[in-house]
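Here is a short briefing on one protein chain. Look at the sequence and the 3D view first, then read through the points below.

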Amino acid sequence: KHHRGWEPSFKVTVLEETEGRLREYLIDQRGLIFNEKLTPMAGIDGVATVFNGLPNRSNLEEEILPALVGDGTLTSQVVKAFSADGASPYRPANDFRFTPDQREFDDVQAYYFADQQARWFQSQLDLILPNRLEIKLHVGAPVPGNAAFYFRGQVRLGDGDGKIYRGIPRDPSIVKHEVSHAYVELLSGLPFEGEGGSYSEAFSDFFTALADDRPQMGAYAYVPAPFKRTIDNRLTVQNLGKGKYENSLVISGTFWDIAKTIGNDDAALLAKSFLARIGPSGRFEDFVPVIGDAARAELSSETQRKVMGVVLSRGWINPEVAK
């Protein structure tokens with residue numbers, strides 16, 4: 001030691017062969033290791049075999065899973081996917097290439113779609129969730145079930161019973177819809193039932209449709225029909241009152257028409273502004289004043305007129321009052 005009692009040392013950082021963790025060594029002047037620290041490496045890109053769209057309309061592809069934390073699980077700073085029964089995929093080399101007949105495939109596929117949707121919200125609307133979103137797979141196993149819902153920061157997905165739903169984690173619209181609920185909640189605090197629940201369902205559908213450029217929900221997983229529902233519809237305010245999901249289609253159908261009229265980017269921004277204004281106690285009677293405020297805040301005068309034209313055509317405004 002020198003006269004102040006300190007001794008120089010060397011710090012050496014080593015990337016493990018699996019590329020999943022960093023080892024940091026402190027080495028003294030004699031070449032002896034006197035401290036060692038093991039750290040999962042943030043920002044590791046993984047690789048996966050997935051369908052990059054509807055499984056019946058796309059091929060299996062090798063895709064990058066960007067910015068994993070590097071601990072061998074399907075975890076990033078934004079999304080974490082894991083199995084309800086504890087049998088989650090673990091790959092220290094971050095290589096998640098499974099075949100569709102392997103159980104782990106669904107975990108990877110759901111993670112891939114959830115991560116895609118989270119990245120869409122960040123790039124399109126500058127939104128990041130305050131906490132990591134969890135995707136819980138194989139809910140109800142070993143009995144195949146039709147669970148697909150969001151609650152308190154966690155998306156829960158069953159495998160599908162093969163009669164009503166099949167391959168739920170492989171349907172991009174179902175996974176992205178449930179992920180979108182977290183962002184609708186972040187923006188508005190809307191409840192899951194009543195008129196607020198219809199708003200929540202409508203905008204979860206709408207954001208999913210924008211991200212995938214496809215208005216049909218459940219186009220792969222829903223067994224009895226080609227899709228569960230579509231927001232490309234002609235429903236009007238006269239159709240309100242039939243139930244949460246039926247009511248939601250009036251709202252989402254209106255916004256889908258708006259997107260077709262003014263473009264997806266402006267429509268997404270309008271939806272974000274609408275949700276920030278509607279709040280947790282929003283009712284159907286608030287639709288017109290809230291969309292008017294949101295349009296004035298976000299859009300040009302000409303674009304506002306186009307939006308309100310769609311609102312009028314869907315019956316939200318009494319034509320006599322609009323004159």
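**The largest pocket**

Four elements each supply at least two residues of the lining of the largest pocket: E10, helix H2 (172-188), helix H3 (194-212) and helix H4 (244-262). The model is predicted, so local features need pLDDT of at least 70, side-chain atom pairs count only at pLDDT 80 or more, and totals for chains, interfaces and linings use all residues. Residues are numbered from 1 along each chain as its sequence is written, and side-chain values use heavy atoms, with hydrogens and water left out.

- Helices (H or I, at least four residues) and strands (E, at least two) are DSSP runs, numbered from the N terminus.
- The largest pocket holds about 480 Å³ of space.
- A pocket is found on a 1 Å grid over the protein atoms alone, as an open set of points where a 1.4 Å probe fits, with protein on both sides within 12 Å along at least five of seven lines.
- Lining residues have an atom within 4 Å of a point.
- Grid points are joined across faces, edges and corners, and the volume is the space filled by probe spheres set on the points.
- The lining of the largest pocket has 23 residues. Nearest its centre lie Ala 148, His 177, Glu 178, Arg 229 and Tyr 245.
- Which helix gives the most to the lining of the largest pocket? H2 does, with five residues.

**A buried alanine**

- Ala 110 sits in helix H1 (residues 104-125).
- Is Ala 110 buried or exposed? Ala 110 is buried, with a relative accessible area of 0%.
- Buried means under 20% relative accessible area, exposed means over 50%, and partly exposed is in between (1.4 Å probe, protein chains only).
- Leaving aside neighbours within four places in sequence, Ala 110 is in contact with Ile 135, Leu 137, Leu 157, Pro 169 and Val 175. Contact means heavy atoms within 4.5 Å.
- Ala 110 and Pro 172 are 62 residues apart in sequence, and their C-alpha atoms are 7.9 Å apart in space.

**Salt bridges**

- Side chains of opposite charge can pair when their charged atoms come close.
- A salt bridge is a side-chain nitrogen of Lys or Arg within 4 Å of a carboxyl oxygen of Asp or Glu. By this rule the count comes to 17 salt bridges.
- Arg 234 forms a salt bridge with Asp 257, with the closest N and O atoms 2.8 Å apart. This pair links distant parts of the chain. Arg 234 is in the loop between strand E13 (229-230) and H4, Asp 257 is in helix H4, and they are 23 residues apart.
- Arg 234 is exposed, at 57% relative accessible area. Asp 257 counts as buried, at 9%.
- Asp 257 also forms a salt bridge with Lys 260, with the closest N and O atoms 3.4 Å apart. About one helical turn separates Asp 257 and Lys 260, because they are three residues apart in helix H4.
- Glu 302 forms a salt bridge with Arg 305, with the closest N and O atoms 2.6 Å apart. These two are three residues apart in helix H7 (residues 301-313), so about one helical turn separates them.
- Glu 302 counts as partly exposed, at 41% relative accessibility. Arg 305 is exposed, at 54%.
- Salt bridges that share partners join Asp 232, Arg 234, Asp 257, Lys 260 and Arg 314 into one network.

**Backbone details**

- Which residues does a cis peptide bond join? Ala 141 and Pro 142 are joined this way, with omega about 10°.
- Pro 142 lies in the loop between strand E9 (133-137) and strand E10 (148-151).
- Ala 67 has phi near 55°, a positive value in a residue other than glycine. Ala 67 is in strand E5 (residues 60-68) and is partly exposed, with a relative accessible area of 31%.
- Arg 152 has phi near 50°, also a positive value in a residue other than glycine. Arg 152 is in the loop between E10 and strand E11 (154-157) and is exposed, with a relative accessible area of 70%.
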